[in-house]
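Please keep the sequence and the coordinates at hand while reading.

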Amino acid sequence: MGIKQFIGYSLLVLASLVVSAQGSDFEFYKLSLIWPSSACYPLSNCTTPLPTFFTIHGLWPTFANDTAVPAYGPNNRCNANPVGPDAAVAKLTPIKDRLNERWPNLRAGVENSVFWRHEWQKHGICSDYYKDPLSYFNDTLNLATSTTFDPFKALGVQPSDTPYLLNTLLQNVYTKMGAYPQISCSQRSGGALYLREIRFCLKRTKKTPPSVVQSCPTTVAGGCKDPLTDNVHFPPAN
C-alpha cells in the first residue's frame, strides 16, 4: 500500500470512528409531550376525538449544546448491534394498549406503530436503551404519566381562550420544578402562537430511567422566540 493510499485509508478509518461515536456522548434526555388541540391544525388532518391530555412525542437523547443526537443510520452508528425498528415494534405487545392511549399518532389514517417505529429509529437506537425497546417505551410512558411531569400541574394554568404570556408559563414551571422546560410553539395564519409541546430535560445518568430534572439549555422552540413578549394560546380540548 502506497503512502497516499495509507493516509487515505487512515483518514477513512478515523472518520468512521468519529461517526460511530456520535450519540454515545450525549448529555441529557428531553421528554417531549404534545398538546393535541394545538398540534392538530387543521382538525380534518387529525384523529377524532382528540385526547384531552398531553400525549407523548418522545424521549430524545440530546447533546449539551441542545442539538438532538442524529438518527441512527449510515452516517451515525451511535451504538453497536441495536435492535432494529421493526423488531423493536414487535416487542411492544405487553404495553400496546397503554401506547395506543398515551403515545398515539394524531394524524388521521396513520397507524400508531408507524410513529413508534419512527421514534425508535430516530431517538431510541441512539439512547441508552438501544438493546431494550420495551424498557425505552415503558419508561417513557411511566415518566409521561407521573405526577412529576404532569404538564397541567407544572404550568400552573388550565387551557383557556385567553392567551398566556410565555414567560409566565416558564416561570410557573421553574417555581414548581426548580428547572426550566422548553416550550415549542406552532404558528397559525395571522401570526398567533400556540403551545404545541412542553419538553422536560432530564440528566443522563448511569441508570435508567432518567429522573433528575435540569433546566433545558433553550427554553423556546418553534414559533416562539421571546418569552417576555410572546403571548401563547393554550386552547381548551376540542
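**Burial, helix faces and backbone exceptions**

Of the 238 residues of the protein chain, 45% count as buried; buried means under 20% relative accessible area, exposed over 50%, and partly exposed in between, with a 1.4 Å probe and protein chains only. This is a predicted model, in which local features need pLDDT of at least 70 and side-chain atom pairs count only at pLDDT 80 or more, whereas totals for chains, interfaces and linings use all residues. Residues are numbered from 1 along each chain as its sequence is written, and side-chain values use heavy atoms, with hydrogens and water left out.

The protein chain has eight helices and eight strands. These elements are DSSP runs numbered from the N terminus: helices are H or I with at least four residues, and strands are E with at least two. Among contacts between residues at least 6 apart in sequence, 71% join residues at least 24 apart, where contact means heavy atoms within 4.5 Å. The protein chain exposes about 11700 Å², of which carbon and sulfur atoms supply 54%; accessible areas come from the Shrake-Rupley method with a 1.4 Å probe, and for residues only the protein chains shown count as cover.

An α-helix has 3.6 residues a turn, so residues three or four places apart point the same way. In helix α5 (residues 112–124), the buried residues are Asn112, Phe115, Trp116, Glu119, Trp120, His123 and Gly124. They cover an arc of only 135° around the axis, which puts them on the same side of α5; the arc is that of the directions from the helix axis to the C-beta atoms. The elements against which these buried residues pack are β2, α3, α4 (96–102) and α6 (133–144).

Helix α8 (residues 166–177) has 12 residues and should span 16 Å at 1.5 Å a residue, in agreement with the 17 Å between its end C-alpha atoms. The expected span is 1.5 Å times one less than the number of residues. Leu166, Leu169, Leu170, Val173 and Met177 are the buried residues of α8. Seen down the axis, they fall within an arc of 95°, so they line one face of the helix. Just after α8, Gly178 takes a positive phi of about 75°.

Which strand holds Thr62? Thr62 is found in strand β2 (residues 55–62), and it counts as buried at 2% relative accessibility. A polar atom of the Thr62 side chain lies 3.0 Å from the backbone oxygen of Trp60. Leaving aside neighbours within four places in sequence, Thr62 is in contact with Phe26, Glu27, Phe28, Lys30, Thr67, Ala68 and Val69.

The loops hold several backbone exceptions. Most residues other than glycine have a negative phi, and most peptide bonds are trans. Asp66 and Asn81 both lie in the loop between β2 and α3 (85–90). Although not a glycine, Asp66 has a positive phi of about 70°, and Asn81 likewise has a positive phi, of about 55°. Asp66 counts as buried at 13% relative accessibility, whereas Asn81 counts as exposed at 64%.

A cis peptide bond joins Thr48 and Pro49, with omega about -5°; Pro49 lies in the loop between α2 (36–39) and β2. Thr208 and Pro209 are also joined by a cis peptide bond, with omega about 0°, and Pro209 is placed in the loop between β5 (193–203) and β6 (213–214).

Definitions and conventions: A polar contact is a pair of N or O atoms within 3.5 Å; within protein, one must be able to donate a hydrogen and the other to accept it, and residues adjacent in sequence count only if both atoms are side-chain atoms.
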